[in-house]
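Please brief me on this two-chain model. I want the fold, the packing and the contact between chains.

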Amino acid sequence: MTIGSAAVAHNRRHVGLKVGKTMSNDETLEAIPADWLAEFEAAARRPLKLRMKYAFIHTYKPVLDDAPYRSFETMAEYRKWCNENLPDWLGYGSI
Amino acid sequence: MAAFEYRQAEEIRDVFALHGVRYLFIGKSGAILLGYPDTTQDADLFVEKSQLNGERLAAALHQLGFDLNTQQEADVLRGRDFIQLKNGPFDLDLIFAPDGIETFEHAWTRRIEIEGFPVCHLDQIIASKEAANRKKDRESLERLRAFREYWRRQRP
């Protein structure tokens, strides 16, 4: 379980939103868990500057934060590096 | 390194505009600009891969205060697929070829402007996370898809 997954698990009483599924607007909103919907609506009432203040946090991430610069020729190389070098709990590894 | 701030997003927007850099906010930072309530650590930018845009980007990064050596500047000019910068006033990930998005041009045509910030469409942010298929993305996708439904409903 990674950071934030506990909150996601808490919200798993969700009927499932599928890409391309045809639903009316009301049905669509009803399909969203009430606590998520409340969070979306609260965020919509806040100005962008305030939303960003709440959204961006900094916590030290081992390995990832230990070099001032990295670059990868391809995304596949980057994913491979993440899989091989980062702690699993950071969640950067491919499934 | 302190957390990324609105003021720094403004600096990116203004300096990139001054240099004519073609880019989009992507990833969770892009979703947050679109109104998605969540937390993240740094800004992710999807940058058009071209010689001219690379030159403009390098100039803009220097102006923002990123300390790029010759090799790092060459990486930016070439548009290596993924560049992680922690050698400037804030952390920045530059992505020239995000998973799940075919071309920059297509993403550009679908961009959303929020207070002057060019942001990748939520469909493409989600497609990118689906294609990356990382554990941390898998855990957040369900909520992000729910937000897309809400966001679609709210848009004029």
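The points below go from overall fold to local detail.

This is a predicted model. Chain B holds 7 helices and 6 strands. Chain A meets chain B through 41 residues of its own and 45 of chain B.

**Overall form of chain B**
- The order of elements from the N terminus is α-β-α-β-α-α-β-β-α-β-β-α-α.
- Chain B has a radius of gyration of 15 Å, close to the 15 Å that the globule rule gives for 156 residues, so it is as compact as a globular protein of that length.
- Its C-alpha trace spans about 45 × 30 × 30 Å along the principal axes.
- Buried residues make up 49% of the 156 in chain B.
- Of the chain B contacts between residues at least 6 apart in sequence, 59% join residues at least 24 apart.

- Strand 1 of chain B (residues 23-26) pairs with strand 2 of chain B in the antiparallel sense, over 4 bridges.
- Within that pairing, Ile26(B) has Asp44(B) as its bridge partner.
- Strand 4 of chain B (residues 92-95) pairs with strand 2 of chain B in the parallel sense, also over 4 bridges.
- There Phe46(B) stands opposite Ile95(B).

**Nonpolar core**
- In soluble globular proteins, nonpolar side chains tend to be buried together.
- The largest nonpolar core in this model has 53 residues.
- Its members with the most contacts inside it are Leu24(B), Phe25(B), Ile26(B), Leu45(B), Phe46(B), Leu94(B) and Cys120(B).
- Chain A takes part too: domain 1 (1-56) and domain 2 (58-95) of chain A each give at least three residues to this core.
- Beyond its neighbours within four places in sequence, Phe25(B) is in contact with residues including Ala43(B), Leu45(B), Phe117(B) and Cys120(B).

- Helix 6 of chain B runs over residues 122-132, and its buried residues include Leu122(B), Ile125(B), Ile126(B) and Lys129(B).
- The cover over the buried residues of helix 6 includes strand 1, helix 2 (27-33), helix 5 (104-109) and helix 7 (135-154) of chain B.
- Asn133(B) follows helix 6 of chain B and lies in the loop between helix 6 and helix 7.
- Asn133(B) has a positive phi of about 55°, although it is not a glycine.
- Why is Asn133(B) classed as partly exposed? It has 15 other C-beta atoms within 10 Å, and a residue counts as buried only if there are 20 or more, and as exposed if there are 12 or fewer.

**Where chain A meets chain B**
- The side of chain A that touches chain B has 21 nonpolar, 13 polar and 7 charged residues.
- Elements giving two or more residues to that side include helix 1 (5-10), helix 3 (34-45) and strand 1 (69-72) of chain A.
- Strand 1 of chain A pairs with strand 3 of chain B (residues 82-85) in the antiparallel sense, over 4 bridges.
- Arg70(A) stands opposite Gln84(B) in strand 3 of chain B.

**A positive phi in chain A**
- Val63(A) has a phi near 70°, a positive value in a residue other than glycine.
- Val63(A) sits in the loop between helix 4 and strand 1 of chain A.
- Val63(A) is partly exposed, with 13 other C-beta atoms within 10 Å.

Definitions and conventions. Residues are numbered from 1 along each chain as its sequence is written. Chains are lettered from A and ligands numbered from 1 in the order in which they are written. This is a predicted model: local features need pLDDT of at least 70, side-chain atom pairs count only at pLDDT 80 or more; totals for chains, interfaces and linings use all residues. Two strands pair if DSSP finds at least two bridges between them. Two residues are in contact if their C-beta atoms, placed from the backbone, lie within 7 Å. Ala, Val, Leu, Ile, Met, Phe, Trp, Tyr, Cys and Pro count as nonpolar, Asp, Glu, Lys and Arg as charged, and the others, Gly among them, as polar. A nonpolar core is a set of buried Ala, Val, Leu, Ile, Met, Phe, Trp, Tyr and Cys residues joined through C-beta atoms within 7 Å. Domain bounds come from an automatic or database domain assignment. The radius of gyration is taken over C-alpha atoms; the globule rule is 2.2 Å times the number of residues to the power 0.38.
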